[in-house]
Amino acid sequence: MGIVKKQAYKNTLVSYGGMVIAYINTVLLFPFFVNASEYGFYNLIISISVLYALVASMGVPSILAKYFPHYRTDDKKHNGFMHWSAGLVLLGFIAATALFIVFKPLITSMYAHTDHVVGLSRFKSSGTARAVPFLVEYYYYLIPLSFFVLAFNYLEMTGRIIYQTIYSNFLQNVLLRLLTTALLIMIALKWINFEDFIFLYIASNGVISLLLLISIIATKNFSYKLDGSSFKNINKREILGFGIFTLVSSAIYVLLQKVDTLMLSSIVGDDIQGVYSWYFNIAIVISVPAQALSRTTYAIVADAWKADNRANIMEVYYKTSIIQMVVGCLLFVGIIVNRENLYAIARNKEFTDPKYFSLFIVIGLGFLVDITGGLNTYIITTSHKYKLITGLVIFAVVFCVGLNYILIPKYYGMGAAISYLLTTIGINFATWFYIKYRFKMQPFNYKHLLVLVVAVVGWATGHYFWRMPNVLLDIAVRSCVTALAYGLLAYLFKISTDINDKVDATLKKIFSLVK
């Protein structure tokens, strides 16, 4: 756990810094400078580009994580493995782009009929209704955006396999969000309109991909020279088979977070999807600890399988589960007790009607279930039994899409939230059950129940604490009181030895400075 601890703590700090910026954008800026439909379209193109890039990747990020340890060489050429995988990604993008162009009429037709529900738009001058839907008019913007997302994902995994994870985290979660902040301020100053914002946002994705490429080159861990024996030792059939299977498997986790956006925009319109996405983006902070840990633990698990070190996998499995649950529950509770403050800051009735807050509760529970599952999917996809998860993944996709078709027309955003929660529960239970009985590993014990007790006490403390006269002061005091009650109980119950060790080390440094 040494490498995991060192990089995970740094990644967590970077991720939480990015979270603060994301909250400023989501709560303070987007509601003031764009309407619900525009915010919905912004989230829609992000969702489509992520799925586009996923299909184009041919499963290469997972291929790198699993197979790079087998082809690593001291001469930095790595048997030409990196060149071959990069070529596979490029071919995948060309094929995906061809399909994206060919199926444009079909794709855009699914969104055309929702345009009439949207009022005015800042894409055009004030007071002018759009002649065509957002997606139809700006369809081809998705090609460069998806390419940049694909390039970043490939380079990020390249960094992960050599345990260089912090810089990519900074670029994606801090720099890109800061650039988004700058663009929103430019809208406020009337230097650009929303169409310019979308164009410049795409360019920003290109900038972070270029910066990450430069940093990977600077590590000198890879040689760019090829010789006649390159590619000969690569088991292409096995690797391609693994890539296709993991492509399908990983798609469920992207679909769980994106299919709701796609289907809401298609069935009920960008404006309703925009409100849903606003709460989803607030709830996604709960997954930050999991995102930070996964940047390192994926490679750790892959190496442990190669060495047949199940004890190490079990240790990482348990510790990541409990740490993610502890931090995730604290964030969940913290947002709930600050609901009124959230609405007071946002002040946009399109987003802040109290009846919508139940969206956050349901979506947040989905995130909590997912992060508490820990490394369920990672353990299976990096093992020799990775193919067995494909059937489960396909079933889950069908279940989620089918449930959305039933619930969204009747319950709108809440229907999508319920579908997300139920699908997440099903996936995590199935993968947990399989790992427990096939590999004899499972991460849960009585301390997970203690986390729930601590969460209830923390919520009660924050909820019933008296209100401060100023919104910002109330956020600070209420959050601190909640975190203090929660953290003190978590420490006294010794729920996570890693967290306790970190607290003890920090207190020791503080006391030494005081002395």
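**Entry 1: what I am looking at.** I am working with a predicted model. How many salt bridges does the count come to? I get five salt bridges, and I followed up some of them below.

**Entry 2: Glu 315 and Lys 319.** I started in helix α13, which covers residues 310-337. Here the side chains of Glu 315 and Lys 319 form a salt bridge, with N to O at 3.1 Å. Why might these two line up? They sit four residues apart in helix α13, so about one helical turn separates them. Next I checked how open each one is. Glu 315 is partly exposed, with 32% relative accessibility. Lys 319 comes out at 16%, and since buried means under 20%, Lys 319 counts as buried.

Entry 3: I then looked for what else Lys 319 touches. Asp 498 also makes a salt bridge with Lys 319, and their closest N and O atoms are 3.7 Å apart. Where in the chain do Asp 498 and Lys 319 lie? Asp 498 belongs to helix α21 (residues 497-514) and Lys 319 to helix α13, so I noted a link between distant parts of the chain, 179 residues apart. Is Asp 498 buried or exposed? My note says buried, at 4% relative accessibility. Putting the pairs together, I have Glu 315, Lys 319 and Asp 498 linked in a salt-bridge network.

**Entry 4: Arg 339 and Glu 340.** I looked up another pair. Arg 339 and Glu 340 form a salt bridge, with 2.9 Å between the closest N and O atoms. Both ends got an accessibility check. Glu 340 has a relative accessible area of 39% and is partly exposed. Arg 339 is partly exposed as well, at 29%.

Entry 5: I went from charges to nonpolar side chains. Which residues form a nonpolar patch on the surface? I wrote down Val 503, Leu 507, Ile 510, Phe 511 and Val 514, which together have about 450 Å² of accessible area. With 69% relative accessibility, Val 514 counts as exposed, whereas Asp 498 is buried.

Terms used. Residues are numbered from 1 along each chain as its sequence is written. This is a predicted model: local features need pLDDT of at least 70, side-chain atom pairs count only at pLDDT 80 or more; totals for chains, interfaces and linings use all residues. Side-chain values use heavy atoms; hydrogens and water are left out. A salt bridge is a side-chain nitrogen of Lys or Arg within 4 Å of a carboxyl oxygen of Asp or Glu. Helices (H or I, at least four residues) and strands (E, at least two) are DSSP runs, numbered from the N terminus. Buried means under 20% relative accessible area, exposed over 50%, partly exposed in between (1.4 Å probe, protein chains only). Patches are made of residues with over 30% relative accessible area and no salt bridge: like charges are joined within 9 Å, nonpolar side chains (Val, Leu, Ile, Met, Phe, Trp, Tyr) within 5 Å. Accessible areas come from the Shrake-Rupley method with a 1.4 Å probe; for residues, only the protein chains shown count as cover.
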